[in-house]
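Please look over the chain shown here, which is a predicted model, and then take up the questions that follow.

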Amino acid sequence: MLSAELLVFDFDGVIVDGMQEYWWSARRALLTLQPQASLQESIPESFRQLRPWIHQGWEMVLMAALISEADGPLQQRGVMAFVGDYNRQCKAALARFGWEPSLLQTTLEVVRANAVRADRDGWLALHQPYPNVPERLKALAEEGIAWSVLTTKGKAFTAELLAGMGLVPARLDGHESGPKPQVLLRLAEEWHLRGFVEDRRPTLETVRATEGLEALPCWLVSWGYLQPTDSQQLPNGIRLLSRDCFASPLAEWH
Ligand SMILES: [Mg+2]
């Protein structure tokens with residue numbers, strides 16, 4: 001029997017824009033650690049610019065701390081110079097504040113858990129689907145293609161957010177399922193994978209470098225949290241997915 005066709009989507013930065021939630025949680029986590037910190041409630045432009053470099057939750061809290069400074073390295077160097085030296089800058093900032101990543105991560109998770117308990121609907125509302133994306137996902141059925149979600153978020157929250165958008169994927173894998181390449185390999189045993197859609201270029205590069213996934217078509221969405229040079233000189237097998245291309249039938253994606 002021929003296996004069914006499946007298109008796999010990352011969640012954050014592809015289906016949903018979680019920027020508001022990131023800032024809300026990062027700001028609250030920093031205020032827990034530094035109650036005297038001064039941080040605006042609306043998303044600072046510098047946080048939007050930094051977002052494509054942020055990989056793990058604790059980095060969001062560290063960025064909030066750096067943004068709150070009057071004359072720290074972010075202010076002195078500017079965002080683009082800062083991210084040019086991102087890992088070293090993170091290490092230096094952790095040392096200066098006397099923080100371990102685990103402290104920031106735990107603080108962030110407690111803030112989130114409390115927010116969900118106190119006002120679940122309000123917390124869910126901090127996540128907005130990208131325009132036309134839910135509609136396009138629903139329309140994939142007309143092409144005979146099933147779609148699934150593969151995310152580093154938790155499965156239960158992701159399912160709830162998807163349901164809030166009226167979306168029910170054929171499958172949903174959260175961080176509990178393991179690293180993305182391994183999940184894709186498992187999916188490929190049951191489905192005919194038509195591709196993987198992501199907004200994080202290094203993840204796509206890792207997928208393509210994984211034995212058994214070398215031929216998996218990969219798309220980098222143009223509307224996600226991209227670094228300015230991410231869409232340039234993409235390696236073979238990874239293509240940029242524009243909004244127009246996404247709106248066209250899968251067979252016409254290029
Ligand atoms: Mg993403």
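Q: What is the bridge partner of F196 in β7?
A: The bridge partner of F196 in β7 is C218.

Q: What makes β6 and β7 count as paired strands?
A: Strands count as paired if there are at least two bridges between them; β6 (residues 192-198) and β7 (residues 218-221) have 3 bridges in the parallel sense, and so they meet that criterion.

Q: Why are β5 and β8 called edge strands?
A: The open sheet is formed by 6 strands in the order β5-β4-β1-β6-β7-β8, with parallel pairing, and β5 (171-173) and β8 (238-241) each pair on one side only. Neighbouring strands of this sheet are turned by 25° against each other on average, direction ignored.

Q: Which strands does α11 touch as it packs on the sheet?
A: Helix α11 (residues 180-190) touches β1 (5-9), β4 (146-150), β5 and β6, and its direction makes about 155° with that of β6. Helix α12 (residues 201-208), for its part, lies across β6, β7 and β8, running at about 175° to β7.

Q: How does the reach of α7 compare with the span expected for its residues?
A: Helix α7 (residues 101-118) has 18 residues and reaches 26 Å from its first C-alpha to its last, which is close to the 26 Å expected at 1.5 Å a residue.

Q: Why are the buried residues of α7 said to lie on the same side of the helix?
A: In α7, L104, T107, L108, V111, A115 and V116 are buried, and because they cover an arc of only 165° around the axis, they are on the same side of α7. The buried residues of α7 pack against α1 (19-33), α3 (57-68), α6 (86-97), α8 (120-124) and α10 (155-164).

Definitions and conventions. Residues numbered from 1 in each chain as written. Predicted model: local features only at pLDDT ≥ 70, side-chain atom pairs only at ≥ 80, totals over all residues. Heavy atoms only, no water. Helix = DSSP H or I, 4+ residues; strand = E, 2+ residues; numbered from the N terminus. Expected span 1.5 Å × (residues − 1). Buried < 20%, exposed > 50% of the residue type's maximum accessible area, 1.4 Å probe, protein only. Arc of directions from axis to C-beta. Contact = heavy atoms within 4.5 Å. Axes fitted to C-alpha atoms, helices over the stretch in contact; angles between N-to-C directions.
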